[in-house]
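Dear colleague,

I am handing over the structure below, and my notes on it follow. Please read them alongside the model.

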Amino acid sequence: MSPSASYASQRPFKLGLRMQHLRVLAAIDDLGLVSRVADALSLSQSAISKQIAEIEGVVPNAVFYRERNRLYLTTSGKRLAHHAKLVLAQLHAAELEIQALALGETGFLRVGSVTSLVPSLLSQAITRFKAVAPQVSLAVVEGHFLSLHPLLARGEIDLALARTWQPKKYSGIDMQILSAEPVVATCGRNHPLLSKRRLSWAEACAGAWILPEKNTVARQAIEAFFANKGLPSPHDVIEAQSLPLSLALLQAMPRLCLLPESLALNYAAKGDLVALDLRLEGVLVEAGCFWREGHLANNPAARLFVDCLIASSD
């Protein structure tokens, strides 16, 4: 088969789906309403309706069904939208790499991380990575795992770092445990609880806290830890994701916060806070790296960064 014949045979669904079709499929999956899809793509509703009709004419299976004013994807439509998002994500990555090449670079890597791993594991890995691959650009996205996982699945980030609790298998996602480290309670240097010779979890739990947002993996793990000890969850809580904000609040008011032990001891050595002798026994101990199945085989920069993470966790 000649090269031209090979390329021709790869045209999807014989007549071929165009790039705009992929954008429409992805937007319908996310937004549902034709009016919202039209706004998101800066097109008229009639133009979107035309694109939908063209998709239905190309794909042999039913792609959409309608209920009242909302447009839904069939099972085939959802699979098609999933692949459309992957293609669009890859094209976006190619665009970034082409832009980087124009600046004399050779790649672009996007890493997501929970906040608690940024000052330690992530920063060390970035230092190692840039020492051996200075030509590759890096972008870091901070967030909790429930916000990072969709970005990873859609190909908007290459890797995600998070602490694990009751780890489960995510469809299409591979992971590797990098390190194990206890999480400890911390407070400011003037906290009233420091006057106690021996502090219990019951006394700490009754105090004011800075905790991760509700419904995050970390918060669920923390509340399960308290419940297993027969303690109620703290009622006076400030929900904060930002590490600098948490540190500022610990220094400004009598509150408790949970941090990885090495990070807590580092801040304690600087005189910024006090690491208490209270550990989340067996909870949120492991830190792991997540990526899409097959991604490391196709992305040398991501594979190298995982190697740097492993080296930094030793």
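Which residues in α2 meet which residues in α4? Gln-20, His-21, Val-24, Leu-25 and Ile-28 in α2 meet Ile-48, Gln-51, Ile-52, Glu-54 and Ile-55 in α4, where contact means heavy atoms within 4.5 Å.

Before going further, please note that this is a predicted model, in which local features need pLDDT of at least 70 and side-chain atom pairs count only at pLDDT 80 or more, while totals for chains, interfaces and linings use all residues. Residues are numbered from 1 along each chain as its sequence is written, and side-chain values use heavy atoms, with hydrogens and water left out.

To return to the helices (DSSP runs of H or I, at least four residues, numbered from the N terminus), α2 covers residues 19-31 and α4 residues 45-58, and they pack at an angle of about 105° with their axes 10 Å apart; the axes are lines fitted to C-alpha atoms over the stretch in contact, and the angles run from 0 to 180 degrees between N-to-C directions. That angle makes α2 roughly perpendicular to α4 (65 to 115 degrees). By class, this contact of α2 with α4 has 6 nonpolar, 3 polar and 1 charged residues, with Ala, Val, Leu, Ile, Met, Phe, Trp, Tyr, Cys and Pro counted as nonpolar, Asp, Glu, Lys and Arg as charged, and the others, Gly among them, as polar.

Turning to the aromatic rings, the structure holds 10 aromatic pairs, a pair being rings of Phe, Tyr and Trp (its six-membered ring) with centres within 6.5 Å. The rings of Tyr-65 and Tyr-72 have centres 5.3 Å apart and planes at 15°, so this pair is stacked (planes under 30 degrees apart). Tyr-65, at a relative accessible area of 38%, is partly exposed, and so is Tyr-72, at 30% (partly exposed lies between buried, under 20%, and exposed, over 50%, with a 1.4 Å probe and protein chains only).

The rings of Phe-129 and Phe-305 have their centres 5.2 Å apart and their planes at 65°, so the pair is edge-to-face (over 60 degrees). Phe-129 lies in helix α6 (residues 118-132) and Phe-305 in helix α13 (residues 300-313), so the pair ties together parts that are 176 residues apart in sequence. Phe-129 is buried, at 0% relative accessible area, and Phe-305 is likewise buried at 0%. Elsewhere, Trp-201, Trp-209, Phe-225 and Phe-226 form one aromatic cluster.

With kind regards

Note on methods
Helices (H or I, at least four residues) and strands (E, at least two) are DSSP runs, numbered from the N terminus. Angles under 35 degrees count as roughly parallel, over 145 as roughly antiparallel, 65 to 115 as roughly perpendicular and the rest as oblique.
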